[in-house]
Amino acid sequence: MSDRSHAHLEAFLEMMSAERGSAENTLSSYERDLDDLSSFLSEKKTSLLKADSNDLGAYIAHLAKQGFAASSQARRLSAIRQFYKFLFAENIRGDDPSSILDAPKKPQSIPKVLSEADVSRLLERAQAEASEEGPGRLLRLRMLALLELLYATGMRVSELVSLPAKVLDQEGRFLIIRGKGNKERLVPLSRSAMKALADYADARRAAIAAGDIDSPWLFSAKSEQGFLPRQIFARDLKSLAGRAGIRAASISPHVLRHAFASHLLQNGADLRVVQELLGHSDISTTQIYTHVLEERLREVVETHHPLAKGAKNPD
């Protein structure tokens, strides 16, 4: 790097480590991204310290031409913004040339969704396995409870696996979930979810009495956190899907969360209600499911509008 860019980059990384507590992987990523920017700028006969907004915009455009995904461009832009905010705050530069750069737009993808029939097959298989007596029944009851809760509430998988055991003390058909930003929300439970949870709770109490479990977590496990890791749940879910005749690649805990939201909308739920149940702070996040609403509206028009019916059944 030319001039004192390298020294200031080192100072920036030290600040991110000491003051922000950034992980080693994050620091390495920032360093790679800013080194790449520096190489690009040197070809343009400028440097990190002298670059202006046009130079930085040209770099982002260069990434797009190189085929970088919008998410990768956004990650690099984040590193650039952090770096130039640091230079401005330290009076190394009198301006922040990154402040007017627009983030690359990510293409909106439609979430993968299981059909209601596939979800039924999955739950039926889990119920059949949970009813089998013998070794490992606690784990089979646990899987059924996990699935029923996930599909009944649309919880994030991180919220689900880290539920405290004290939720068993909650009475009625509602569950209090602590989500992002430590915000609490109330979600209703289906009758089948309540039964699966009660059956699992009975088996769990028996395991506690036998000395097999001693944990404050509902879905306890021998892991660093003390509860079931998301990756293990995802792996077991794919295995169950295979036994239910469902393509394993088409399913994950997050897909079941999408299924919860999509099936509610397909059956007439209001988008705002779904937003509250999912724990989305912004309605725009929930609007990824508008394709479901659009399809339902099309079906309603085709089924009930007199002109549409007339077009289908001409005299």
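Tutor: Let's begin with K195, which is exposed, with a relative accessible area of 52% (buried means under 20%, exposed over 50% and partly exposed in between, using a 1.4 Å probe and protein chains only). Keep in mind that this is a predicted model, in which local features need pLDDT of at least 70 and side-chain atom pairs count only at pLDDT 80 or more, while totals for chains, interfaces and linings use all residues. Residues are numbered from 1 along each chain as its sequence is written, and side-chain values use heavy atoms, with hydrogens and water left out.

The partner of K195 is D199: the two form a salt bridge whose closest N and O atoms are 2.8 Å apart (a salt bridge is a side-chain nitrogen of Lys or Arg within 4 Å of a carboxyl oxygen of Asp or Glu). Side chains of opposite charge can pair when their charged atoms come close. Both residues sit in helix α8 (residues 191-209), and because they are four residues apart there, about one helical turn separates them. Helices (H or I, at least four residues) and strands (E, at least two) are DSSP runs, numbered from the N terminus. D199, at 29% relative accessibility, counts as partly exposed.

Across the whole structure, a search finds 14 salt bridges. In one of them, the side chains of R185 and E159 meet at 2.7 Å, N to O. That pair joins distant parts of the chain, with R185 in strand β2 (residues 184-188) and E159 in helix α7 (residues 157-161), 26 residues apart. Both R185 and E159 are buried. R178 and E184 also form a salt bridge, with 2.7 Å between the closest N and O atoms. Here R178 is partly exposed at 48% relative accessible area, whereas E184 counts as exposed at 51%. Elsewhere, salt bridges link D33, D36, R75 and R76 into a network.

Now for the rings. Seven aromatic pairs are counted (rings of Phe, Tyr and Trp, the last by its six-membered ring, pair if their centres lie within 6.5 Å; planes under 30 degrees apart are stacked, over 60 edge-to-face and the rest tilted). F12 and Y30 have ring centres 5.9 Å apart and planes at 40°, so this pair is tilted. F12 belongs to helix α1 (residues 5-18) and Y30 to helix α2 (residues 24-43), 18 residues apart. F12 is buried, at 0% relative accessible area, and Y30 counts as buried too, at 11%. F12 also pairs with F83: their centres are 5.4 Å apart and their planes at 80°, so this pair is edge-to-face. F83 lies in helix α4 (residues 70-89), so its pairing with F12 in helix α1 ties together parts 71 residues apart in sequence. Ring pairs join F12, Y30, F83, Y84 and F86 into a cluster.

Finally, look at a helix contact. In α6, R142, M143, L146, L147 and L150 meet F233, D236, L237 and L240 in α9 (contact means heavy atoms within 4.5 Å). The residues of this contact divide into seven nonpolar, no polar and two charged; Ala, Val, Leu, Ile, Met, Phe, Trp, Tyr, Cys and Pro count as nonpolar, Asp, Glu, Lys and Arg as charged, and the others, Gly among them, as polar.
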